[in-house]
Structure formats: structure tokens, C-alpha cells
Amino acid sequence: MEYKVSFITDFLRNNSSGLYIAIEGIDGSGKTTQAKLLTDFFKEKKHPVVFTHEPTRKGLIGKLIHSVLQAKMNIPSVALQYLFCADRAVHQEQVIVPSLEEGKIVVSDRCFWSAIAYGIADRKSENVANTAEIFTVAQSVLSMYHQFMLPDITFFMDIPLNAAIHRLGDMNKGKEIYEKSDMLHRIKKGYDWMLKEFPKEFVMINGTKSVEEIQIEIRKIVGEKLK
Ligand code: TMP
């Protein structure tokens, strides 16, 4: 049986007074360091700020996800991505939206974009450039009927694959299921596709620069947005 599927979809945007910032990139690209430094900056300025992660660290679903990531239990990759979606839905409703409505800045280490890049990588299809297939993956991975909110600014930490693998080695990481080099290679391709498809949604950051240089650049861009 053949189906012709066609749909128009849009992202859910933030209409409240807070600012939603996400930092994206492959494992080992420096997201967490930058997200924490940005949070500290706002704390020092006494600006209400919330630092958060996807997947979440607390709660039933977040804990389950970490057990799978650390290979303590094994489930099909599609089931794992649905767990990420469930975790994200709870996170959006309980943390992100209420914080934005209170006028806070939300700094998130990853957001729904990760689901697309990692979902594409999970498909293990050689044809990572097949747009129809990727859209189908994106649509299925993102939602059954729930819309996830697009960050006001998404920084993409751009670093070469080898540099990320090297850093993960230095951090004694590389143990989680997505931190193996063949997987990182596929994930990078997933991000490359997204960056090409949605160029306006990302602010590219040269992740090979020093931590300080990157932080200055990020603060400048956020500062412009807050004006
Ligand atoms: P972390 O190491 O940044 O905490 O993220 C955990 C891993 O989960 C990382 O390898 C990226 C992956 N991931 C997905 O596969 N799908 C998702 O939706 C998210 C948010 C993360």
C-alpha cells in the first residue's frame, strides 16, 4: 500500500515575556560549559534565570533515560527517543513555560532539535540526505499531537568531529551509547541536515575558539536580544 503524505507544520513560539535560550551540538562540543557560564552571568546580574537540561536529570523519565544511555538497560532506539519526547513534554509544561511566563531567562542544555539529529542517526540509513525520510523521522520523533516550543535563540556549537571525540576521551566520557565515534558521525550528519534546512533558527558558534571567547560572543548576542 502506498500513501502520499503532505502537511504544513510550524513551530510553537514563545509569546511570553521570558527569553528561551538553548545550546545545541554533538556530544563533546562544549554546550554544558557555555550554558552554565551564561547562567552564572545572569545570576551575577541578579536577572531571574533558570538553568536546565534535556533530557532532565530528575524525575522518573529522566532517570530511566539515563539508565538506557549508560547501557544499564537496553530498549529499541525508537522507544528511547519517545522517552525523550515524554521527558520533554513534562519539562516544557513544568519548567520551561512557567518560567518564561514569570519573565525568566531559561538556559537549556539541548532542546527538541537534539531529537531530530539523534533520531536521524538512530535510523542507521545510509541516505541521510533523503529529505522525505528525515521529515518523517522528525515528525514521528517530535510528537504524536504535542507541539514543542522553539527557543528564541538556539546556539549551535560547531566543532569538527575529531575534536569532539578527542574531548570526550579527555573527559573520560565516550561511554554513553551516543558517544561512540560511528554514532557521532551519523549525529553530525543529522545536525548538518537541520542546519541546512532551518538556517534561520540557529546561531552558529565556532566551538573551536576558547571558552572565554565563545562566552563573550554568546553574551553579546543574548544582550542584543534583551535590548
Ligand atoms: P547529554 O549528554 O547532553 O545530557 O544528553 C544525553 C544524550 O541524549 C546525548 O547523547 C544526546 C541524546 N539525546 C537524544 O538522543 N535525543 C534527545 O531528544 C535529547 C534531548 C538528547
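Student: Is the crossing of α6 and α7 left-handed or right-handed?

Tutor: In this predicted model, the crossing of α6 and α7 is right-handed. The two helices span residues 161-170 and residues 181-197, respectively, and their axes come within 10 Å.

Student: At what angle do the axes of α6 and α7 cross, and how is that angle classed?

Tutor: An angle over 145 degrees would count as roughly antiparallel, and one from 65 to 115 degrees as roughly perpendicular. Here the axes cross at roughly 140°, which makes α6 oblique to α7.

Student: Which residues make the contact?

Tutor: On the α6 side the contact is made by Leu161, Ile165 and Leu168, and on the α7 side by Ser181, Leu184, His185 and Lys188. Sorted by class, the contact has four nonpolar, two polar and one charged residues.

Student: Where do Phe11 and Phe198 lie in the chain?

Tutor: Phe11 belongs to the segment before β1 (19-24), whereas Phe198 is in the loop between α7 and β5 (203-206). The pair therefore ties together parts that are 187 residues apart in sequence. Phe198 has 18% relative accessibility and so counts as buried, the cut-off being under 20%.

Student: How are the rings of Phe112 and Trp113 arranged?

Tutor: Their centres are 4.8 Å apart and their planes are at 35°, so this pair is tilted. Both Phe112 and Trp113 are buried.

Student: Which residues form an aromatic cluster?

Tutor: One cluster is formed by Phe11, Phe112, Trp113, Tyr118, Phe156, Tyr178, Tyr191, Trp193, Phe198 and Phe202. Both pairs discussed above have their residues in this cluster.

Student: Is Arg110 buried or exposed, and where is its place?

Tutor: Arg110 has a relative accessible area of 10% and is therefore buried. Its place is in the loop between β3 (105-109) and α4 (113-123).

Student: With which residues is Arg110 in contact, leaving aside its neighbours within four places in sequence?

Tutor: Arg110 is in contact with Ile23, Glu24, Gly25, Ile26, Asp27, Lys31, Glu54, Tyr118 and Tyr191.

Key
Residues numbered from 1 in each chain as written. Predicted model: local features only at pLDDT ≥ 70, side-chain atom pairs only at ≥ 80, totals over all residues. Heavy atoms only, no water. Axes fitted to C-alpha atoms, helices over the stretch in contact; angles between N-to-C directions. Helix = DSSP H or I, 4+ residues; strand = E, 2+ residues; numbered from the N terminus. Parallel < 35°, antiparallel > 145°, perpendicular 65-115°, else oblique. Left-handed = near helix turned anticlockwise from the far one by under 90°. Contact = heavy atoms within 4.5 Å. Nonpolar A, V, L, I, M, F, W, Y, C, P; charged D, E, K, R; others polar. Buried < 20%, exposed > 50% of the residue type's maximum accessible area, 1.4 Å probe, protein only. Phe/Tyr/Trp six-rings, centres within 6.5 Å; stacked < 30°, edge-to-face > 60°.
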